[in-house]
Amino acid sequence: MTPNVGQVNLNAPDGAAKDFTFDGAYFMDSTGEQIYNDIVFPLVENVIEGYNGTVFAYGQTGSGKTFSMQGIETIPAQRGVIPRAFDHIFTATATTENVKFLVHCSYLEIYNEEVRDLLGADNKQKLEIKEQPDRGVYVAGLSMHVCHDVPACKELMTRGFNNRHVGATLMNKDSSRSHSIFTVYVEGMTETGSIRMGKLNLVDLAGSERQSKTGATGDRLKEATKINLSLSALGNVISALVDGKSKHIPYRDSKLTRLLQDSLGGNTKTIMIACVSPSSDNYDETLSTLRYANRAKNIKNKPTINEDPKDALLREYQEEIARLKSMVQPGAVGVGAPAQDAFSIEEERKKLREEFEEAMNDLRGEYEREQTSKAELQKDLESLRADYERANANLDNLNPEEAAKKIQQLQDQFIGGEEAGNTQLKQKRMKQLKEAETKTQKLAAALNVHKDDPLLQVYSTTQEKLDAVTSQLEKEVKKSKGYEREIEDLHGEFELDRLDYLDTIRKQDQQLKLLMQIMDKIQPIIKKDTNYSNVDRIKKEAVWNEDESRWILPEMSMSRTILPLANNGYMQEPARQENTLLRSNFDDKLRERLAKSDSENLANSYFKPVKQINVINKYKSDQKLSTSKSLFPSKTPTFDGLVNGVVYTDALYERAQSAKRPPRLASLNPKS
């Protein structure tokens, strides 16, 4: 590592050297404080001004990504990027005059390509990634937490960090098995009412790993496969952005690239911290990481200040405060309020109703686009309606005292200007900013490409110029040979990746065959009256959801054959009454038999030999039951309680009765 020129020199096993140049290079003796002040400090300053910023750590497993982002809290010099960013943000807001800030945070992880809220009530629940023209890419249902100071942010970070998925491998006993994104939103409003919103994404990526080194099996292997696939997708996005010729950027290939879409190729200032291992055993992984970072530094974003964003939480707070203030003015609410104030309440209720209907229509449209089940739609609609009714009830119960209390609670969420008169703190902040800028200028001067160009120098003799040009030629020849070795290394790296992908494909193919064989075994026992008995039809009706990366299958339904009613499907009222009476008689008969069976010894009677006389007696009792039904007029439709409750005419009834009588019974002699 050569920090003054930001250069990394990697010695290959064959003795050849590979050089990489970055905006900063830090060896093991560097501290978290040094890295933050040199690289991250200017970025966080830009976030407070209203820019979007992203810092993410990349590298092989066990190389120190989480250490760089989190650090060691008990050693001041080794605190990581995230806790230092908290201190910086709240120091900046406290020393800024004439601006009120609202700071809120979120914390999520991507585990096995599933997005989960690390600060939510249920951190196992899967969340969906959405996209809207005026909001961009976001996670639906992700919880937001307002923070007033550094301890509140640290508490959220600690709580979320403890909910992350970690696991032991041969290379790291506490290996991160998921990507995590801690986002700090800094919204500021000036005295003129203009709003700016900056967003700082602090990303801790899971490490790339090879199964042969980590010894991952079972769940660890499945996690490693998902991690490597998402990091590969990230590499493809970076390559496509650097190439400049690609018409399509594959952001949708993974959840990680989808969430980092704005950070990689949009309105965001981004810093990548590439963590590498100094061990010669990890040469291939270190070389791959340095190449990865070298490609990423060539991405050119065009960040702008986010002024007056539509989704600013600060704007919602201001509008709510203004509404409540209008309601707590003298005579606005309460007993004896004038008609004008009652009208304002009605206007508020009308506005609330319009918002509810708009949200309900948007929800329906969203579910129709995504082919989501009706049960989920109904559940969300009921939840939305409950929120509306709760808000409507709050309007009725609101009084001036409660409204004033709520105004105070909302205003307490704002911070800014607490240390506006602290000159020492302001000077310290400005000093850090100037030191970071000076360091960047020195690095740019050290990397001046023209300073060693022999063609731009003035020489006293021709021989001196010849020697300089010869030396430059040797450097260029050496560089050319380095490029040739680079091509060979890229081929070797590609071959390793290809073998890893083939191994992944084989394992996935085995899993697919297992599931297909299980399905082939289960398929014959699925009832024919369900729509899932026809697999080919289900395949045609299934819809792929790009956002959720899963198939949306049709809901299971049962289809039963219903016989048509007599008289062209129309049942007259007399027949309906007769049906009801016969059903009641038949039910009474069944209850009587059931009660009688309880008092009999079924175990003894069940296995008794069946005699012809017993069969004849049972047949006679059935005949009596049938005869009792002939008391109705012959032309009136009758109901046979023994024939599944279906209405028959007399002719059909007689045909059914004759069909029920077994031929063998007619030949039996009752006296024998």
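Two strands pair if DSSP finds at least two bridges between them. Keep that rule handy as we walk through this predicted model, where local features need pLDDT of at least 70, side-chain atom pairs count only at pLDDT 80 or more, and totals for chains, interfaces and linings use all residues. Residues are numbered from 1 along each chain as its sequence is written, and side-chain values use heavy atoms, with hydrogens and water left out.

Let's begin with the overall picture. The protein has 21 helices and 17 strands; helices (H or I, at least four residues) and strands (E, at least two) are DSSP runs, numbered from the N terminus. Of its 672 residues, 38% are buried. Buried here means under 20% relative accessible area, exposed means over 50%, and partly exposed is in between, using a 1.4 Å probe and protein chains only. A contact means heavy atoms within 4.5 Å. Among contacts between residues at least 6 apart in sequence, 68% join residues at least 24 apart.

Now find strand 1, residues 7–11. In a regular strand the side chains alternate between the two faces of the sheet. Here V8 and L10 sit on a covered face, while Q7, N9 and N11 are on the uncovered one. Strand 1 pairs with strand 2 (residues 17–21) in the antiparallel sense, over 5 bridges, and V8 stands opposite F20 in strand 2. The two strands form a hairpin with 5 residues between them, and G15 in that turn has a positive phi of about 95°.

Strand 11 (residues 179–190) and strand 12 pair in the antiparallel sense over 10 bridges, with F182 having L202 as its bridge partner in strand 12. This hairpin has 4 residues between its strands, and G193 in the turn has a positive phi of about 100°. Why is strand 12 (residues 195–204) described as largely enclosed by the rest of the structure? Because 8 of its 10 residues are buried. Strand 12 also pairs with strand 3, this time in the parallel sense over 6 bridges, and A57 stands opposite D204 in strand 12.

Follow strand 3 (residues 52–59) and you get to G59. With 0% relative accessibility, G59 counts as buried. Leaving aside neighbours within four places in sequence, G59 is in contact with K65, G207, S208, C275 and T289. Next comes Q60, in the loop between strand 3 and helix 2 (65–70); Q60 is buried too, at 3% relative accessible area. An unreviewed UniProt entry has a "binding site" annotation covering G59, Q60, T61, G62, S63, G64, K65 and T66. UniProt positions are given in the numbering used here, feature names are shortened, and annotations may be inferred rather than shown by experiment.

Finally, let's see how a pair of helices meets. Two packed helices are described by the angle between their axes and the distance between the axes. Helix 9 (residues 283–296) and helix 15 (residues 462–522) pack at about 110°, with their axes 11 Å apart. Axes are lines fitted to C-alpha atoms, for helices over the stretch in contact, and angles run from 0 to 180 degrees between N-to-C directions. Helix 9 and helix 15 are therefore roughly perpendicular to each other; angles under 35 degrees count as roughly parallel, over 145 as roughly antiparallel, 65 to 115 as roughly perpendicular and the rest as oblique. Y283, D284, L287, S288 and R291 in helix 9 meet E486, D489, L490, E493 and L496 in helix 15.
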